[in-house]
Amino acid sequence: MREKKRRLAILGSTGSIGQSTLEVIRRFKDRYAVVGLVAGRNTGLLAEQVVEFRPEVVAVESEKQVGELKRKLGRFKVEILCGEDGYEEVAANTKTDMVVSAITGIAGLKPTLAALRKGKDLALANKESMVVAGSLIRKIAAGSGSRVIPVDSEHSGVFQCLNGKDKKFIKRVYLTASGGPFLKVPLEDLAGKTLAEALKHPRWKMGRKVTIDSATMMNKGLELIEARWLFNLRPEQLGVLIHPQSVVHALVEFLDGSVLAQLSQTDMRIPIQYALSYPERLDSPLPSLDLTEVKSLEFFPVDESRFPLFGLARKALSAGLSFPVVLNAANEVAVQAFLEEKISFGEIFGIVNHCLNQHRPRALVELDDILTIDRETREQAQHYLKRMKGNIS
Ligand SMILES: NC(=O)c1ccc[n+]([C@@H]2O[C@H](COP(=O)([O-])OP(=O)(O)OC[C@H]3O[C@@H](n4cnc5c(N)ncnc54)[C@H](OP(=O)(O)O)[C@@H]3O)[C@@H](O)[C@H]2O)c1
């Protein structure tokens with residue numbers, strides 16, 4: 001008998017991960033059906049996705065985008081919701097089995113939680129949710145029976161190495177990092193690197209925010225915090241290795257000294273496909289990984305004088321409590337300012353460092369605690385930014 005199709009909602013369908021997810025679905029239309037899509041402002045691409053994948057419901061950022069989408073769809077009918085409530089409704093839709101969480105930043109948090117509360121399986125790309133609300137996510141998923149399956153290539157690598165093994169056998173977990181575009185730039189030139197230079201990632205094609213996070217290596221710091229909650233590990237069990245070839249995505253060392261590693265082509269469709277098909281594996285259109293062509297695999301420790309934002313993330317990971325919320329919020333404000341060319345590359349660090357230094361840590365019990373600290377930190381970061389630019393005394 002033919003298996004029932006897995007019904008999916010994709011949050012962030014117009015982004016890099018969202019589009020790659022739809023590419024995977026396009027190849028396996030007999031296995032997956034798209035029930036819901038969420039996007040922000042790119043109504044042109046969303047309209048094309050609606051016509052091709054025929055979801056029952058979609059959500060966009062505001063009424064303005066609802067109007068745009070209606071005009072673009074003409075007589076094509078789909079239910080259109082908007083704003084945070086709309087995102088949550090799509091994520092919690094009773095007809096959905098699995099939600100792909102791929103909105104950038106903390107904007108992805110509430111719909112991610114809405115999906116988990118309803119017991120949906122979650123394919124998680126939105127690392128910022130796990131960074132700010134890891135403990136809450138674990139608690140809600142445990143209560144509702146949701147499975148959280150990582151999409152990030154490094155976390156998918158760890159997940160595949162563990163493959164159900166008891167966490168008590170793990171000694172250490174290593175995530176790899178390509179090192180980004182500035183791995184070999186002289187230290188004295190780093191602070192003045194331009195937006196165009198920072199957006200040129202040597203290995204991965206990704207959205208703008210995560211690409212800048214990769215250039216500062218904040219991305220790897222956020223990934224360490226994500227891994228801490230995904231796999232329920234202690235901070236000291238987590239490490240990072242610079243691996244410029246980006247072929248090995250993660251390594252797990254067990255108590256007996258055995259190390260398992262996960263290798264694949266540098267292509268996000270591989271971990272996305274695995275998250276959708278887990279625990280099965282489906283065939284891939286990509287060529288096999290040819291290690292004779294790769295020839296050498298190099299690994300280096302992270303130089304924190306080159307990547308000080310990684311150092312801040314490591315400290316936030318160890319300090320715990322509300323520090324990761326502050327780290328994330330300050331970083332989101334600073335990266336947005338850099339993307340708008342209001343600050344230099346080197347100034348991203350100053351903003352995040354200031355907010356962490358000023359922070360008096362608190363325990364995070366409920367979602368409101370997280371949202372309050374997130375809001376306060378954003379205000380503080382904006383204020384610091386204005387002062388830095390000499391706009392206020
Ligand atoms: N790209 C990668 O290879 C990769 C790998 C691992 C993890 N991740 C993580 O996956 C997430 C998405 O990354 P990405 O590279 O796909 O980013 P992206 O290309 O910038 O896409 C972001 C998506 O989120 C939507 N979005 C952003 N803000 C929104 C808001 N306020 N309301 C509704 N929708 C909003 C965007 O909609 P519009 O464009 O329509 O406005 C877009 O669909 C991030 O958390 C990132 O760290 C990405």
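A residue is near a molecule if one of its heavy atoms lies within 4 Å of it. By this criterion, 25 residues surround the ligand, and Thr 14, Tyr 87, Glu 128, Asp 152 and Gly 207 are the closest. The model is predicted: local features need pLDDT of at least 70 and side-chain atom pairs count only at pLDDT 80 or more, whereas totals for chains, interfaces and linings use all residues. Residues are numbered from 1 along each chain as its sequence is written, and side-chain values use heavy atoms, with hydrogens and water left out.

**Ligand shell**

- The shell around the ligand comprises ten nonpolar, ten polar and five charged residues; Ala, Val, Leu, Ile, Met, Phe, Trp, Tyr, Cys and Pro count as nonpolar, Asp, Glu, Lys and Arg as charged, and the others, Gly among them, as polar.
- Domain 1 (6-151) and domain 2 (153-265 + 287-304) each contribute at least three residues to this shell, with bounds from an automatic or database domain assignment.

**Polar contacts and cover**

- Polar contacts here are pairs of N or O atoms within 3.5 Å.
- A polar side-chain atom of Tyr 87 is 2.7 Å from a nitrogen atom of the ligand.
- Oxygen atoms of the ligand lie 2.9 Å from a polar backbone atom of Ser 16 and 3.1 Å from a polar side-chain atom of Thr 104.
- Of the 900 Å² of accessible area that the ligand has on its own, the protein covers 84% (Shrake-Rupley method, 1.4 Å probe).

Definitions and conventions: A polar contact is a pair of N or O atoms within 3.5 Å; within protein, one must be able to donate a hydrogen and the other to accept it, and residues adjacent in sequence count only if both atoms are side-chain atoms.
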